[in-house]
Amino acid sequence: MPQQLQLKRKSGTRKANDRAVRSVCRECTVGCGLIAYIQDHIIVDVMGDEEHPVSRGRVCAKGTDFVRGIRSPERIMFPGARNRPSGPFAAMENIEKAMDGLADALKRVRDRSGPGALAVGCDPEAGLDFYLGARRFARLWETPHVYHPLDNPIDNPFGHPANDPGNKPLYQEGTSALTAPTAPCTEWEESGSLFLVEADPAATHPVAFGKVLQAKARGAKIIAADVCFTATLSKADLPLLIPPGSGNLLGMVLLKGLMELDGLDNEAAAAGLDDPEGWRATFENFSLADGAKALGLTPEAAVGICRMLVQHAPVTAITGKRLAYQPDAGVWQTLAAAAGWTSRVGGGWYPLEAGRPRLAAAGDIENPRPGGREIGFPYQGGSGADAPQGIKAVIASGNCFNDFFLPFKVSTREMDLIVHFGAFANLTRDLAHMILPSALWPERNGLCFSNDRGIQFGPRLVSPQDACQTGLGFWMRLADRFGWGDHFPWRTETGRADPLRFYDWVLARNPDTAGLTVEALKASAPEPIFWPLDRGRGVKRTSPPFPTDSGKIPPAPAPEKISLPDGGTAQTQDMG
Amino acid sequence: MKVQKKKLLLVDAEKCIGCFGCDAACRMEHDLPPGPKPFKVFRIGPIAEDGTFRMHHRAVTCFHCDQPACVSVCPTGAMQKRDDGIVFSDMELCIGCQTCAVACPFGIPELNPGTGKIAKCDSCRERLDKGLWPACALKCPTGALSFGSPGDVVRLRRGDHAVHIVETFCRPQD
């Protein structure tokens, strides 16, 4: 392929600074490299890291504006409490007094309503340490209600509640977005086409979307399907409007269409799928015409899209987070394997916001969740109809109530205690009885698990204010008040939270990253260390084995009937 | 005095996704409060057209005119044009009268409520004087903004077209 021309970039800062710190942006899961320029403990400028292999000096608005957040007048700096969610907060003396008050209030809720009345919402803003700390604390407290938007149903261990509300073993390997060989965005320039479904990376992941446009400039076809016309669709060669909730059905229709065109890679399917023939048989009664109709497409248009994908291989399917919460989400991994995309550089599946590491290891204290079985995530239930009942206390980080915790919002009036662990005044803070200030990501050491399956260490750029805690520190302090301090052993000699020990533990307990340490990650900067799952990254792949016992995945079968969630409508589009 | 070479900021609308990365970069570089936007990003659409929709994004900043009206009308001489073509406002001389804002045919100069003086794109002249690119072009996540000499920018544009032609008409089909 011809090389695209680029002008010689000249980066740096004009502003006076006493040190420059190489770090990684943790605003999203692309994992862009940053250089922060610091003067007198204040970040005076931020530039992209020109050496970083993913971002190459690019940063988005979020990767610049986070600096304003640190010193924002809207920042919550001190703990406070009030009796009802209206009126001003009374400032509390210090963080230790605030944690004492929180422990007492939680005890009262447990005495009155039982341990299962506590729910914890983990906004990514609070960090991975807050989420893992919450899982551990919740296990000790005996409540199953811990939620994180990256708790991806298809990442298992819990399976999709709509498919199987019963028990599932931890890690049904192979159905997970996390265990799938990924299609790193750094390789998209090798793609023949990019298929984006219910994903708007132009708005949410601009640096990654820049690579989509690079691929397009080199001749790749861009096909984008979504329920409304987005900035991503505006750049597509073929924009498709589909009914709400039908993204995974589009994957099924593509599979069926490719079967009919003989466009699947039989060798790759045999290598990647358990029982490929049995799986094909499940599609015998699946009607391409009916599927296309439900999507608002003519059968000819659906076949035309499949033909385009065959002509412009390898294909990378980029799927949005919402799809993971809907039935048949496993279709994308199946499609990428059966069509042979996974086995080629520039091809495969790239689920957005699936960069979280596998967390569970057999026998760890927070697994299985209390209650005998796993619980579904009520993400899609904006009405609150599928939210757990009987919740009387919530610890909500970031702005959960304005996002994935929306189902709980309808019942906040019946709650006895709402605690906001966050940095900014927002809806969650408005609903809270108690506020506890949290440190922002530039104020804490942390790991970035990127969509590319890269792991990077991001050092703390500036120190937090005294009252601002890390997520790990929050749970550690709370656990100490219940006599559970031994379950939070990641401490410095002075008893403070030690995130480096904590992240060493995270890496060690994950079978994919065992042997990796924070020190090794520090030494690797600016190159991220990629997960061992991506063996062969950067070189020609030949049907990489899936990390299952058999090296193959159980493929997603065709649905027995085609249906769309409530509110889904379709108008037939003839794509010509 | 050494005459600065003229540099151009190339805005490729095909690559602009309306992410406001340029706006954020500019506000950080110049420490601007909410309000003035030396880099303005417009979204046009979605517009129904031929059975589908179209949406365009336009990133607009000062054109650094050859004969800038803002410079002509400035009563204090704050608004100036450098030898390298950059039009800028000298904060020491600006009195915030906004005459330049009225005179500019593109509505570029705006009042900075934090300082009471005019805020407008100055091509990051202090960065340029240190040999650096403007912040907006460096940070643009898609490469919609590029910076260089007129010759470099034209070569880039020609190169992009050449790649597009080769990939569109000469690529072997699988």
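Good morning. In chain A of this predicted model, residues 24 or more positions apart account for 71% of the contacts with a separation of 6 or more. The chain has 17 helices and 18 strands, and buried residues make up 53% of its 576 residues.

I shall begin with strand E13 of chain A, residues 393-397. How many of its five residues are buried? Five of the five are, and the strand is therefore described as mostly covered, a residue counting as buried when 20 or more other C-beta atoms lie within 10 Å of its own.

Strand E6 of chain A, residues 118-121, runs parallel to E13(A) and is joined to it by four bridges. Within that pairing, A:Leu118 has A:Ala393 as its bridge partner. E13(A) also pairs in the parallel sense with strand E14 of chain A, residues 417-422, over five bridges. There, A:Ala396 stands opposite A:His420 of E14(A).

Let me turn to a residue in a helix. A:Glu300 belongs to helix H11 of chain A, which spans residues 299-311. Is A:Glu300 buried or exposed? A:Glu300 is exposed, because 12 other C-beta atoms lie within 10 Å, and the cut-off for exposed is 12 or fewer. From A:Glu300 to A:Met259 the separation is 41 residues in sequence and 15 Å in space, C-alpha to C-alpha.

Thank you for your attention.

Terms used: Residues are numbered from 1 along each chain as its sequence is written. Chains are lettered from A and ligands numbered from 1 in the order in which they are written. This is a predicted model: local features need pLDDT of at least 70, side-chain atom pairs count only at pLDDT 80 or more; totals for chains, interfaces and linings use all residues. Helices (H or I, at least four residues) and strands (E, at least two) are DSSP runs, numbered from the N terminus. Two strands pair if DSSP finds at least two bridges between them. Two residues are in contact if their C-beta atoms, placed from the backbone, lie within 7 Å.
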